[in-house]
Amino acid sequence: MEYLSQERYDELTRELDNLINVEFPRIKDELSEARAQGDLSENFEYRAARRAQARAISRIRFLQKVLQHSRVIDRSALPTDRISLLSTVEFTNLKSGRTMTYTLVSHHEMNLEEGKLSCQSPIGKALMGRKTGEEAEVSAPAGTFRIRIDKIIH
């Protein structure tokens, strides 16, 4: 079971709809045109269209599976006193003194450039369920360090 924000669920639904109704028919047309050119063994356009078709089918199946096994998070049901999915957390790395702010999301939504950290990452796992003022130990590939939760925003 995957939990997604409504925004991410809508994005994935739009992407799937576009792949099925726009991209896949376009790729089928390209395949037909390439097939009409004759000798398929040395037809670059045909091979490229087949690769595009395989990528599209793979992505469609992946998105269908993700959406089938996903649930949209009801923000009103989330705890307000501790860190959970969709919590924005300001924390300090006690080793470096650096303060960071991230929103905890599912791994399908992770995007560090947008400040979205996976709850399944080492830091995400250490933050989940904690309260303001608590400290946690993070076991990351770069080593172990401690963080302090400074602020939780819901």
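**Sheet order and loop residues in a predicted model**

Leu94 is partly exposed, with a relative accessible area of 34%. In this predicted model, Leu94 belongs to the loop that links S3 and S4. Leaving aside residues up to four places away in sequence, Leu94 touches Glu135, Arg146, Ile147 and Arg148. Leu94 and Leu112 are 18 residues apart along the chain, and their C-alpha atoms are separated by 20 Å.

Strands of a sheet pair through backbone hydrogen bonds, in either a parallel or an antiparallel arrangement. S6 and S7 (residues 143-153) run antiparallel and are joined by 6 bridges. Within this part of the sheet, Ser139 has Thr144 of S7 as its bridge partner.

The loop between S2 (70-72) and S3 (88-93) contains Ser87 as well as Leu86. Ser87 is buried, because its relative accessible area is 0% and the limit for burial is under 20%. A polar atom of the Ser87 side chain lies 3.0 Å from the backbone nitrogen of Ser84. With residues up to four places away in sequence not counted, Ser87 touches Arg82, Tyr102, Thr103, Leu104, Ile152, Ile153 and His154. Leu86 is also buried, at a relative accessible area of 9%. The phi angle of Leu86 is near 70°, a positive value in a residue other than glycine. Most residues other than glycine have a negative phi.

A further loop residue, Glu109, is placed between S4 (99-105) and S5 (116-118). Glu109 is buried but forms no salt bridge. The nearest side chain of opposite charge is that of Lys116, 4.8 Å away, whereas a salt bridge requires a separation within 4 Å. The side chain of Glu109 does make a polar contact with the side chain of Ser5, at 2.7 Å. Ser5 and Lys116 are both among the residues that Glu109 touches, together with Tyr3, Leu4 and Arg8, when residues up to four places away in sequence are not counted.

Notes. Residues numbered from 1 in each chain as written. Predicted model: local features only at pLDDT ≥ 70, side-chain atom pairs only at ≥ 80, totals over all residues. Heavy atoms only, no water. Helix = DSSP H or I, 4+ residues; strand = E, 2+ residues; numbered from the N terminus. Buried < 20%, exposed > 50% of the residue type's maximum accessible area, 1.4 Å probe, protein only. Lys, Arg positive; Asp, Glu negative; His and termini not counted. Polar contact = N/O pair within 3.5 Å; in protein donor to acceptor, adjacent residues only side chain to side chain. Contact = heavy atoms within 4.5 Å. Pairing = 2+ DSSP bridges.
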